[in-house]
Amino acid sequence: MKKYLAEMVGTFVLTFLGCGAAVALGCGTPEGGQAAVVGTAIAFGLAVVAMAYTIGGISGCHINPAITLGVFLSGRMNAKDCGMYMLFQVMGAVLASAVLAGVASTAGLDVATHTGANGAPFGVTNALLVEIVLTALFVLVVLGATAKTNGATNNFAGLAIGLSLILIHLVGIHFTGTSVNPARSIGPALFAQGQALTDLWIFIVGPLVGGALAAGIWKVIDE
C-alpha cells in the first residue's frame, strides 16, 4: 500500500504544481505568451525531478499511467501493481485538481483557461499523433534511464526524466497543451468540463498507445 500511496502523492504534486503553474502564468492565453509556455514546461519537469528523488525509492515514481503501462509491458512489474498504480495516480490527480480549482477560483483565476485539461485545436488526428509520439519518446527515456544495464547512470535517472519532460512540453504545449499523462488530464478535465471532457479520450488513448509503443521499441533495442 505504501507504494500506491506514494504514487498518489507524487501525481498530486505533479498535477498541482505543473497545472498550477500553467494557471498562474496564464499558459495558453495571449497574456501569458511564450514566457508562460517556458515556465509551465519547466514546472512540470522540476516537479518530476523533485518527486523522483522523493518517492523513487518507494514506488519508482511513475506518477503517470503511460509510464506504468510501459514498465508493465517491459516485464518490470505485475498486473496487480500496474492496475493499482494507475488507480492511485488518477486519484492523486483528481485531488490535486480539486485543490487547484478551489485555489484558482478564490484568487480570481480562470481554471478552465489552462488546467492541463487539454483540447485539440489542430484537429483530433493531429492531437492524437502528437500525444502518441511525445509519450513514446518520454516513456522511452524513462525505460532507458532506469534500466539496470545503465549501471551507475541510474543515479541520474530522475534528472534525465525531468529534463526530457521539459523538452516534451516545449514541443507539445502549442499543439495539444501536452498531456503525455492520462491521470493529469483526467483530473483537471473533471473540473474544466466542456471541451476538456469531450477531448479527454485523446489524452487517455494517445499516451497509453505511446507508452505501449515505447515498451516495444525498448525491447527491440535493449535485447
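**Reading the helices and a loop**

Mentor: This is a predicted model. Start with a helix pair: helix α1 (residues 2-25) packs with helix α4 (residues 79-106) at an angle of about 35°, and their axes are 7 Å apart.

Trainee: What describes two packed helices?

Mentor: The angle between their axes and the distance between the axes. Here, α1 passes α4 in a right-handed crossing. The contact of α1 with α4 has 17 nonpolar, 6 polar and 4 charged residues.

Trainee: What span should α1 have, and how far apart are its end C-alpha atoms?

Mentor: α1 has 24 residues, so at 1.5 Å a residue it should span 34 Å. Its end C-alpha atoms are 34 Å apart, which agrees.

Trainee: Which residue just after α1 takes a positive phi?

Mentor: Glycine 26, with a phi of about 75°.

Trainee: Where is threonine 178 found, and is threonine 178 buried or exposed?

Mentor: Threonine 178 is in the loop between α6 (157-176) and α7 (182-192). Buried means under 20% relative accessible area. Threonine 178 has 0% relative accessibility, so it counts as buried. A polar atom of its side chain lies 3.4 Å from the backbone oxygen of glycine 172.

Trainee: Where is confidence lowest in the protein, and where is it highest?

Mentor: As a general rule, where pLDDT is low, the predicted coordinates should not be read in detail. In this protein, the average pLDDT is 90, and 91% of the residues score at least 70. Confidence is lowest in helix α8 (residues 195-198), with a mean of 86, and highest in helix α3 (residues 65-73), at 97.

Terms used
Residues are numbered from 1 along each chain as its sequence is written. This is a predicted model: local features need pLDDT of at least 70, side-chain atom pairs count only at pLDDT 80 or more; totals for chains, interfaces and linings use all residues. Side-chain values use heavy atoms; hydrogens and water are left out. Axes are lines fitted to C-alpha atoms, for helices over the stretch in contact, and angles run from 0 to 180 degrees between N-to-C directions. Helices (H or I, at least four residues) and strands (E, at least two) are DSSP runs, numbered from the N terminus. A crossing is left-handed if the near helix is turned anticlockwise from the far one by less than a right angle, and right-handed if clockwise. Ala, Val, Leu, Ile, Met, Phe, Trp, Tyr, Cys and Pro count as nonpolar, Asp, Glu, Lys and Arg as charged, and the others, Gly among them, as polar. The expected span of a helix is 1.5 Å times one less than its number of residues. Buried means under 20% relative accessible area, exposed over 50%, partly exposed in between (1.4 Å probe, protein chains only). A polar contact is a pair of N or O atoms within 3.5 Å; within protein, one must be able to donate a hydrogen and the other to accept it, and residues adjacent in sequence count only if both atoms are side-chain atoms. pLDDT is the predictor's confidence in each residue, from 0 to 100.
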